[in-house]
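The following exercises concern the structure shown below.

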Amino acid sequence: MRILFFLVLSLAVLSFSQTLDSIHKELLVKADASVEQAAVKAQQDPLKPLFHLATKANWINDPNGPVYFNGEYHMFFQHNPYGDKWGNMSWGHAVSKDMVTWQHLPIALTPNPGSYDKDGVFSGCCVIDKGVPTIIYTGVNPEVQCIARSYDNMRTWEKYEGNPVIAKPPVENVTGFRDPFVWQDGNEWYMVLGSGIKDVGGTAFLYKSTNLTDWEYINPISTGFGSMWECPNFFPLGEKWLLAVSPYGKVQYTLGDFKDNKFNHGLWKPMDLGERSGFYAPNCLVDEQGRRIIWGWITGGGTEGYSWNGMLTLPRVLTLRDDQTLGIEPLPELSKLRGKHYQYSDVAVGSDDVFVLPDFSGNSFELIADIDLGTARQTGLDVLYSKETESGTRIEFDNIQLFFNAGEASAPFQLLPDEKTLRLHIFVDRSVIECYINGRECITIRTFPRNKDMQKIRLFSKKHKSIFKTIDIWEMNSIYQ
Ligand code: FRU
């Protein structure tokens with residue numbers, strides 16, 4: 001009798017997972033068709049970025065599950081296949097050999113109606129479990145943690161029949177329970193999970209497992225400001241550990257020591273000086289060379305109605321500098337995208353003067369400027385500058401503060417004793433600007449220059465002269481090659 005019962009039960013589970021799987025496949029075909037249809041319009045928008053990873057069409061948010069496997073880098077992302085606003089949360093998918101050029105693949109995961117992820121396949125990560133790529137994500141509603149595996153080199157995904165693997169939060173009164181970030185240490189898997197506890201604040205829970213399906217709750221890794229920490233990232237960097245959280249505002253990170261499952265953290269700092277709209281919900285991987293590479297979601301609206309919305313940042317290499325602070329640089333291999341080169345040296349800009357760079361004009365380029373500040377009080381440049389309207393996007397430094405786009409963002413910044421010049425490493429990509437400053441700060445800004453003549457670069461200096469020792473500019477090629 002008992003055997004018969006288990007047989008019937010297993011058959012029921014098997015046929016449920018088969019139906020779930022075949023329905024999932026049909027839904028993915030429908031979702032991909034919707035994206036293809038919208039792509040015709042999206043591709044025509046001259047503000048769609050050339051060298052930032054975006055969807056073929058429709059909405060994108062968080063980068064999910066970046067991972068290196070079998071000679072390829074995979075990037076997944078929160079994606080609404082059906083429109084250019086948030087909704088129908090699925091995992092879009094792109095693949096790359098070098099994290100520079102990308103190819104879009106079919107959508108990897110989409111919600112199954114009536115199931116544990118009916119209201120969304122939310123953010124998560126991807127790990128390689130004894131050779132089997134395994135995605136760990138949040139299903140909604142309620143928020144539960146789920147897994148999906150691939151047996152065909154990450155081209156298609158099977159949701160695990162035992163989902164959810166974590167069915168409820170470890171404590172009462174949480175404000176959210178999502179976005180698993182998993183890593184391996186010896187034979188154990190560890191997970192931090194984004195949450196918040198009412199009247200306590202943002203929280204990241206720590207779990208462990210030996211098989212990715214059975215999870216044991218350990219303790220909160222950290223608790224603090226805000227009401228909810230989305231998308232925690234937690235990883236070693238040099239001798240330190242870095243925790244980054246997305247608290248519905250600017251992404252904050254802290255460096256600290258992790259021992260015996262306890263994290264002793266330092267000061268919190270923004271990981272990007274822009275507003276939340278510039279950089280949010282990052283996710284990272286360790287690449288083939290052991291470097292820690294991170295991407296964030298660049299939101300900022302402005303293109304609704306054009307059948308696309310948002311993109312990911314460029315890949316950023318994180319390091320622990322000798323002074324135990326965070327180093328942040330664009331992936332050096334991005335230089336593969338460089339096209340025509342323009343070079344200017346020793347350009348002196350007089351006190352309260354401006355200078356529009358001759359020859360160059362464009363809205364998709366990389367620029368590196370080394371500026372000798374001399375005694376200048378305020379210096380910088382305007383990109384996407386229009387001579388006609390005398391407007392552009394301003395990046396300015398006054399010896400103690402950086403200012404972006406007429407006060408849209410600002411941050412304290414001072415040259416260190418061994419830094420001779422201010423180095424601005426800027427990427428302008430039609431409707432987004434990323435600026436890296438002396439390899440230790442970074443800002444992302446959105447802008448929507450629909451006026452076609454916004455293509456010049458203007459240097460300025462106030463109250464004293466500044467010398468732009470070198471300015472290198474490269475036109476940039478598309479990442480879809
Ligand atoms: C962050 C976030 C995550 C969630 C996902 C849903 O932007 O809200 O917490 O998993 O987006 O799309």
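**Exercise 1. Determine how many salt bridges the model contains, and examine the one formed by K336.**

Solution. A salt bridge is counted where a side-chain nitrogen of Lys or Arg lies within 4 Å of a carboxyl oxygen of Asp or Glu. By this rule the count comes to 24 salt bridges. The model is a predicted one, in which local features need pLDDT of at least 70 and side-chain atom pairs count only at pLDDT 80 or more, while totals for chains, interfaces and linings use all residues. Residues are numbered from 1 along each chain as its sequence is written, and side-chain values use heavy atoms, with hydrogens and water left out.

Next, take K336: its salt bridge partner is D98, and the closest N and O atoms are 3.0 Å apart. K336 lies in the loop between β23 (326-330) and β24 (338-349) and D98 in the loop between β3 (90-96) and β4 (103-109), so the pair ties together parts that are 238 residues apart in sequence. Strands here are DSSP runs (E, at least two residues), numbered from the N terminus.

**Exercise 2. Describe the surroundings of the ligand.**

Solution. First, list the shell, where a residue counts as near if one of its heavy atoms lies within 4 Å of the ligand. The ligand is surrounded by 13 residues, the closest being D62, Q78, R178, D179 and E230. At least two residues of this shell come from each of β1, β5, β9 and β18.

Second, classify the shell: 6 residues are nonpolar, 3 polar and 4 charged. In this scheme Ala, Val, Leu, Ile, Met, Phe, Trp, Tyr, Cys and Pro are nonpolar, Asp, Glu, Lys and Arg are charged, and the others, Gly among them, are polar.

Third, inspect the polar contacts (pairs of N or O atoms within 3.5 Å). Oxygen atoms of the ligand lie 2.5 Å from a polar side-chain atom of E230, 2.7 Å from an N or O atom in the side chain of Q78, and 3.0 Å from a polar side-chain atom of W86. Taken alone, the ligand exposes 320 Å², and the protein buries 93% of that; these areas come from the Shrake-Rupley method with a 1.4 Å probe.

Notes. A residue is near a molecule or strand if one of its heavy atoms lies within 4 Å of it. A polar contact is a pair of N or O atoms within 3.5 Å; within protein, one must be able to donate a hydrogen and the other to accept it, and residues adjacent in sequence count only if both atoms are side-chain atoms. Helices (H or I, at least four residues) and strands (E, at least two) are DSSP runs, numbered from the N terminus.
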